[in-house]
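Here is a walk through one structure, taken place by place. Keep the sequence and the 3D view side by side as you read.

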Amino acid sequence: MPILEVESLSKEYKGKGKMNVFQALNGINLSVDSGELVAIMGPSGSGKTTLLNILSGIDTEYSGVVRIAGTSISEMSKNELALFRRQRMGFVFQDYNLLDSLTLRENIMVPMVLDDQEVEDINSRTDETLSLFDLGEVKDKYPYMVSGGQQQRAAISRAIINGPEVIFADEPTGNLDSKSSSTVMKTFAKLNALKGATIVMVTHDPFAASYCNRVLFIKDGKMLLEITRENKERRA
Ligand code: ADP
Ligand code: ADP
């Protein structure tokens with residue numbers, strides 16, 4: 001079942017003056033099934049960030065339709081979209097976006113606390129996630145005290161704690177050395193394999209893309225090529 005569907009998606013950035021229009025996306029069609037781990041690649045300026053910002057509801061100025069779990073996010077009001085993003089999507093960023101004044105464990109809890117969940121559920125779910133992603137030993141440390149890989153794994157934990165239908169990641173290994181990139185990509189792969197999570201990431205990093213079961217290449221705002229590995233012979 002497709003969890004994410006994109007139809008005829010186009011985006012223009014308007015500058016000053018009438019002639020000053022830049023076509024950043026041009027007729028993108030895309031369907032992502034539940035349980036896929038997808039990488040979007042392409043040269044700098046090809047429209048990757050623009051595409052991810054639209055799929056994840058950050059940018060609402062475009063033409064075309066974006067559906068998530070069968071619901072069009074394109075016609076939602078600002079409030080509907082904000083709620084939908086909070087309850088049904090998870091986000092992972094290049095620079096982690098953890099709160100400096102909270103421990104890793106507390107950071108991971110934030111979405112459940114905001115969602116008014118039972119304290120018991122928050123504690124058990126947080127601890128389960130910490131151990132799944134090998135963060136038990138550093139759970140009470142603050143972000144500045146741990147490695148970039150550990151911070152990103154905490155950020156991924158936070159992104160999935162509420163059980164989102166789809167997780168969007170923007171250059172999740174962009175600030176990491178190869179060893180930490182590998183632990184982060186293994187975390188995504190584990191999440192995908194164990195929990196059937198659907199993950200869509202933008203990346204420059206062929207090493208990161210090698211963990212994905214589908215890689216989409218975009219250039220000049222158009223879908224150029226896609227490579228799918230049906231046989232799941234992904235990196236372990
Ligand atoms: P990528 O993430 O692949 O590097 P982007 O989606 O950031 O590409 O940008 C695609 C194109 O759109 C680039 O040529 C960029 O200069 C242009 N662009 C991005 N954001 C804006 C903006 N706010 N206003 C005008 N042009 C923009
Ligand atoms: P990861 O791959 O998740 O980044 P590593 O295996 O590279 O983690 O880290 C090995 C150990 O070194 C970890 O226990 C971590 O606490 C410590 N470490 C690595 N980088 C840093 C750092 N910048 N600051 C503090 N501790 C670090």
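Start in a loop. Aspartate 116 sits in the loop between helix H3 (104–114) and helix H4. Helices here are DSSP runs of H or I with at least four residues, strands are runs of E with at least two, and both are numbered from the N terminus. The phi angle of aspartate 116 is near 60 degrees, a positive value in a residue other than glycine. Aspartate 116 is exposed, with a relative accessible area of 71%. Exposed means over 50% relative accessible area, buried means under 20%, and partly exposed lies in between (1.4 Å probe, protein chains only).

Some ground rules come next. This is a predicted model, in which local features need pLDDT of at least 70 and side-chain atom pairs count only at pLDDT 80 or more, while totals for chains, interfaces and linings use all residues. Residues are numbered from 1 along each chain as its sequence is written, chains are lettered from A and ligands numbered from 1 in the order in which they are written, and side-chain values use heavy atoms, with hydrogens and water left out.

Alanine 69 also has a positive phi, near 50 degrees, and is a residue other than glycine. Its loop runs between strand E4 (63–68) and strand E5 (71–72). Alanine 69 counts as partly exposed, at 22% relative accessibility.

Now go back to helix H3, where arginine 105 is found. Arginine 105 counts as buried because its relative accessibility is 17%. Which residue forms a salt bridge with arginine 105? The partner is aspartate 127, and the closest N and O atoms are 3.0 Å apart. A salt bridge is a side-chain nitrogen of Lys or Arg within 4 Å of a carboxyl oxygen of Asp or Glu. Aspartate 127 lies in helix H4 and arginine 105 in helix H3, so the pair ties together parts that are 22 residues apart in sequence. Aspartate 127 is partly exposed, at 34% relative accessibility. Side chains of opposite charge can pair when their charged atoms come close.

The structure holds 11 salt bridges. One of them joins the side chains of glutamate 5 and arginine 67, at 3.4 Å from N to O. Glutamate 5 belongs to strand E1 (residues 2–14) and arginine 67 to strand E4, so this pair ties together parts that are 62 residues apart in sequence. Glutamate 5 is partly exposed at 22% relative accessibility. Arginine 67 is partly exposed too, with a relative accessible area of 22%. Another salt bridge links the side chains of lysine 14 and glutamate 12, at 3.6 Å from N to O. Lysine 14 counts as exposed at 64%, whereas glutamate 12 counts as partly exposed at 38%.

Turn to ligand 1. Among the residues around ligand 1 are Tyr13, Phe22, Pro43, Ser46, Lys48 and Thr50. A residue counts as near a molecule if one of its heavy atoms lies within 4 Å of it. A polar backbone atom of serine 46 is 3.1 Å from an oxygen atom of ligand 1. For a polar side-chain atom of lysine 48, the distance to an oxygen atom of ligand 1 is 2.9 Å. In threonine 50, a side-chain N or O atom is 2.5 Å from an oxygen atom of ligand 1. The protein covers 58% of the 570 Å² of accessible area that ligand 1 has on its own. Accessible areas come from the Shrake-Rupley method with a 1.4 Å probe; for residues, only the protein chains shown count as cover. The largest share of the shell, 3 residues, comes from H1.

Ligand 2 is the next stop. A polar side-chain atom of serine 180 lies 2.6 Å from an oxygen atom of ligand 2. For threonine 183, a polar side-chain atom lies 3.2 Å from an oxygen atom of ligand 2. A backbone N or O atom of glycine 149 lies 3.3 Å from an oxygen atom of ligand 2. The protein covers 51% of the 550 Å² of accessible area that ligand 2 has on its own.

Note on methods. Polar contact = N/O pair within 3.5 Å; in protein donor to acceptor, adjacent residues only side chain to side chain.
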